[in-house]
Amino acid sequence: MEYAPTKANVRRWQLERKVRDTLMAIIHERLDAARVARGYGTDLLGLMLEANSGGGKRVMSMDEIIDECKTFFFAGHDTTAHLLTWAMFLLGTHPEWQQRLREEVLRECGGAGTPLHGDALNKLKLVNSQVFLFARSRLIHPLRLAGDLQVTMVLYETLRLYGAVSMIGRVATADADLCGVKVPRGTVLAIPIAMLHRDEEVWGADAGGFNPLRFRDGVGRAAALPGALLSFSSGPRSCIGQDFAMLEAKATLALVLRRFAFGVAPEYVHAPTDFLTLQPLQGLPVVLKLLDP
Ligand code: HEM
């Protein structure tokens, strides 16, 4: 499709060109390194370059690799950044929970002087990836695991109240009947996750409030319906990066909690706004206090 060269479109093309050039620079760097290392590496980019180099059977084109990189960057960056932002907001406004988490992190990972190595992080990581893969294949809610730590409970509660993705869409592939509502094949359905996450019939009378303890017996038992937490969606097209996002968020929170006590600054304006991801309209100013080492 052709687009008119309006100011907005020209800016978009320039931006797209810049993103493409940046990605190509990263890819060329990897291709150069691969000549010495005799392999592309085992991360996502390495696997895609391997698929691109398959001689006569080239499985992925360079354009497809660039598109995948953009998808992962877009899907993975702001979502996790805003999970951390809202977790900071909720912990900043609930200092008793902040202190509980700090004690847990110090107990499991040691103080600020102790490097945050894999073993310590694993203690904060109870979303087991094998269970996750099994769950994906069986269409079971991938987060339904019991016996979690408080950091995880706080992150789930943050995802419930201020999940980065407020709405997802699906197309009905067959005629359906949703509790008496006829849905013809081809209908586009909008699933309002943010609304469903505050439904008192599902989450109880305190659905609007911050209560991480609702997740104390695992995600599946936190609400009247086992698959009620939809922050990472559900089923075969659910978020492929959810384990990574939870681990990244736990690691970052652990690093912050060990070094700082924090509160929300008085100039903060509470205006959650959906710009593709849910974010505070005017940012989240915080006041940090350096803790004794
Ligand atoms: C808190 C962080 C995150 C949240 C709340 C989140 C949420 C979601 C949701 C709701 C979907 C489904 C969208 C739909 O059904 O239309 C999705 C898909 C996806 N996410 Fe995430 N995500 C997060 C982090 C990440 C990270 C870190 C990555 C990559 C490293 C990632 C990669 C993807 C990809 C590739 C898809 C598409 C999967 C597919 O279509 O099969 N996400 N995410």
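Author: We can start with Arg58, which is exposed, with 12 other C-beta atoms within 10 Å. This is a predicted model.

Reader: What makes Arg58 exposed?

Author: Arg58 has 12, so Arg58 is exposed. Its place is in the loop between helix H2 (44-52) and H3. The C-alpha atom of Arg58 is separated by 49 Å from that of Gly111, 53 residues apart along the chain.

Reader: Why does Cys239 count as partly exposed?

Author: A residue is buried if 20 or more other C-beta atoms lie within 10 Å, exposed if 12 or fewer, and partly exposed in between. Cys239 has 17 C-beta neighbours inside 10 Å, and 17 falls in between, so Cys239 is partly exposed. Of the 293 residues of the chain, 23% count as buried.

Reader: Where is Cys239 found, and what does Cys239 touch?

Author: Cys239 is in the loop between helix H9 (200-203) and H10. Leaving out residues up to four places away in sequence, Cys239 touches Phe232 and Ser233. An unreviewed UniProt entry places the feature "binding site" at Cys239.

Reader: Which residues are closest to the ligand?

Author: The closest are Ala75, Gly76, Thr79, Cys239 and Gly241, and 21 residues surround the ligand. The shell divides into 11 nonpolar, 9 polar and 1 charged. Helix H3 (62-93) and helix H10 (242-259) each supply at least two residues of this shell. H3 gives the most, with 7 residues.

Reader: How do you know that H4 and H10 are roughly perpendicular to each other?

Author: Two packed helices are described by the angle between their axes and the distance between the axes. Helix H4 (residues 95-109) and H10 pack at an angle of about 105°, with their axes 9 Å apart. Angles of 65 to 115 degrees count as roughly perpendicular. The angle of about 105° is within that range, and therefore H4 and H10 are roughly perpendicular.

Reader: Which residues of H4 and H10 meet?

Author: In H4 they are Leu101, Arg102, Val105, Leu106 and Cys109, and in H10 they are Ala254, Leu257 and Arg258. The residues of this contact divide into 6 nonpolar, no polar and 2 charged.

Reader: How many helices and strands are there in the chain?

Author: The chain has 10 helices and 8 strands. Among its contacts with a separation of 6 or more, residues 24 or more positions apart account for 66%.

Methods. Residues are numbered from 1 along each chain as its sequence is written. This is a predicted model: local features need pLDDT of at least 70, side-chain atom pairs count only at pLDDT 80 or more; totals for chains, interfaces and linings use all residues. A residue is near a molecule or strand if its C-beta atom, placed from the backbone, lies within 6 Å of it. Helices (H or I, at least four residues) and strands (E, at least two) are DSSP runs, numbered from the N terminus. Ala, Val, Leu, Ile, Met, Phe, Trp, Tyr, Cys and Pro count as nonpolar, Asp, Glu, Lys and Arg as charged, and the others, Gly among them, as polar. Axes are lines fitted to C-alpha atoms, for helices over the stretch in contact, and angles run from 0 to 180 degrees between N-to-C directions. Angles under 35 degrees count as roughly parallel, over 145 as roughly antiparallel, 65 to 115 as roughly perpendicular and the rest as oblique. Two residues are in contact if their C-beta atoms, placed from the backbone, lie within 7 Å. UniProt positions are given in the numbering used here, feature names are shortened, and annotations may be inferred rather than shown by experiment.
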